[in-house]
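Please look over the sequence and the model shown here before reading on.

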Amino acid sequence: MTRIVIIGGGPAGYEAALVAAQLGAQVTVIERDGIGGASVLSDCVPSKTLIASAGAMTSVRHSAALGVHGAELSRVGLDLPAANQRVKHLAMAQSADIHERLAAEGVRIVRGGGRLSDDMRGLAAHRVEVVDADGAVTEELEGDVVLIATGADPRVLPGAEPDHERILDWRDVYDLAEMPEHLVVVGSGVTGAEFASGYLEAGVPVTLVSSRDRVLPGEDSDAAEVLEQVFQSRGGRLERGRAAGVRRSEKGVSVELTDGRTVEGSHALMTVGTVPNTAGLNLAACGIELTEAGHVVVDRVSRTSVAGVYAAGDVTGIFQLASVAAMQGRIAMWHALGEAVAPIKLKTVAANVFTHPEIATVGVQEAHVAEGDDVEVVRLPLATNARAKMADLHDGFVKLFARRSSGVVMGGVVVAPGASELILPIALAVTKGLTAADLAQTFAIYPSLSGSITEAGRRLMGADHLA
């Protein structure tokens, strides 16, 4: 029986454990905080739960346009302690569900941290030490295969170290007893944009400090423009500049920018990226290659530079998404246990930004399309969709990219409420090599937002003369 030791119980770790157990391996998962890892306990699940609560207020605010009266925003508020209690309850419940599933599959779960042993090299099996919070070794395990799945933690900006009271990282927000009087979000990537949008929906004045020319610099430029317009139309403030530091002030916090300006608020939320959790794992000493930023270098089947040692998830720095982490973990176990497996295809990864509206993307994007490429692009505004009109939706669009010569769908963008659900048919088309005609000839419910996807397919058919 193959012995598998997995360090980290987040999506990469627990999905890998399920695959390995189902294939008959003896599996041990080492997890310091709780099964599900940060993704379930403090990052992805909690943030989206909080954003859902805030989004309900937007629905109330917009209900007057639908003929609903008596629910004015002035009479509606978010009970933050109750919302945070719900966030924590759901996170713990999800963690418990995953724990129960692992136990049912025969996976052994060990509480603690993990690190590779100094004398691992040259042995037939790999040796992993379990350590407690003080760094003391509590157990030593041997594994034929080891998976590093330790994730990443919030990056700390020097001069803006969180005090967890007024200067916060995104894991601190669920302990706030009251709504911030004015929240300054530092960082305009996905995490910053999501929290800025969510707290603004909840009725909090928000200033978003962006060091780049636009928010979400890694996303579709048209989508980012829509998000900026919506954010500002709701009273959000955008401040262009790079933060040099954050200090406590009499009224709360003062965010100092590199050009000498300051932004005042009651709280500052730092969303300036992540750092991989590779410190203390003894990886370099065991011959495992790391990048300059500290990420574990892996190939497309999750192998590291040491035979029998794999890595998956945010610790690798490849598309920091729970879905990608989970797939990397599964691929690692399929490969390690001799199953037929296809290398991960990053061009088929669907990603979503949980702002309002949401932004979902998959495959080729406009920034990668050069003039003269064999690519046709069509964009349909959401405002022309009948279902959008019924719901009084004005902002957003569907964008499709297809190869002119063959009509094969290469990518897409959806900006809309529920874009995370609407992107699936486009992701399926990209993954399976379907054409614009395949989308066009698929029945969509009328009226529905998804009807804009099939309509975009018909527009592409006309552009490509594929009808």
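The paragraphs below go through the nonpolar cores, an aromatic pair and some side-chain contacts.

This is a predicted model. Its largest nonpolar core has 37 residues. Phe 195, Tyr 199, Val 206, Leu 216 and Leu 269 are those with the most contacts inside this core. Two or more residues each come from α4 (80-104), β10 (183-186), α5 (190-201), β11 (206-210), α6 (221-233), β22 (397-403) and β23 (409-416). Of these elements, α6 gives the most, with six residues.

What is Val 206 in contact with, leaving aside its neighbours within four places in sequence? The residues in contact with Val 206 are His 182, Leu 183, Val 185, Ala 196, Tyr 199, Leu 200, Phe 231, Gly 236 and Arg 237.

The structure holds one aromatic pair. Phe 195 and Tyr 199 form this pair, which is stacked, with 6.4 Å centre to centre and 25° between the planes. Because the two residues are four apart in helix α5, about one helical turn separates Phe 195 from Tyr 199. Phe 195 is buried, at a relative accessible area of 3%, and Tyr 199 also counts as buried, at 3% relative accessibility.

A ring also takes part in a contact with a charge: the charged end of Arg 379 sits over the ring of Phe 397, 4.1 Å from the ring centre.

Ser 63 lies in the loop between α3 (44-61) and α4. Ser 63 has a relative accessible area of 10%, so this residue is buried. Its side chain reaches the backbone oxygen of Val 60 at 2.6 Å.

Notes: Residues are numbered from 1 along each chain as its sequence is written. This is a predicted model: local features need pLDDT of at least 70, side-chain atom pairs count only at pLDDT 80 or more; totals for chains, interfaces and linings use all residues. Side-chain values use heavy atoms; hydrogens and water are left out. A nonpolar core is a set of buried Ala, Val, Leu, Ile, Met, Phe, Trp, Tyr and Cys residues joined through side-chain atoms within 4.5 Å. Buried means under 20% relative accessible area, exposed over 50%, partly exposed in between (1.4 Å probe, protein chains only). Contact means heavy atoms within 4.5 Å. A polar contact is a pair of N or O atoms within 3.5 Å; within protein, one must be able to donate a hydrogen and the other to accept it, and residues adjacent in sequence count only if both atoms are side-chain atoms. Rings of Phe, Tyr and Trp (its six-membered ring) pair if their centres lie within 6.5 Å; planes under 30 degrees apart count as stacked, over 60 as edge-to-face and the rest as tilted. A charge sits over a ring if NZ of Lys or CZ of Arg is within 6 Å of the ring centre and within 35 degrees of the ring normal.
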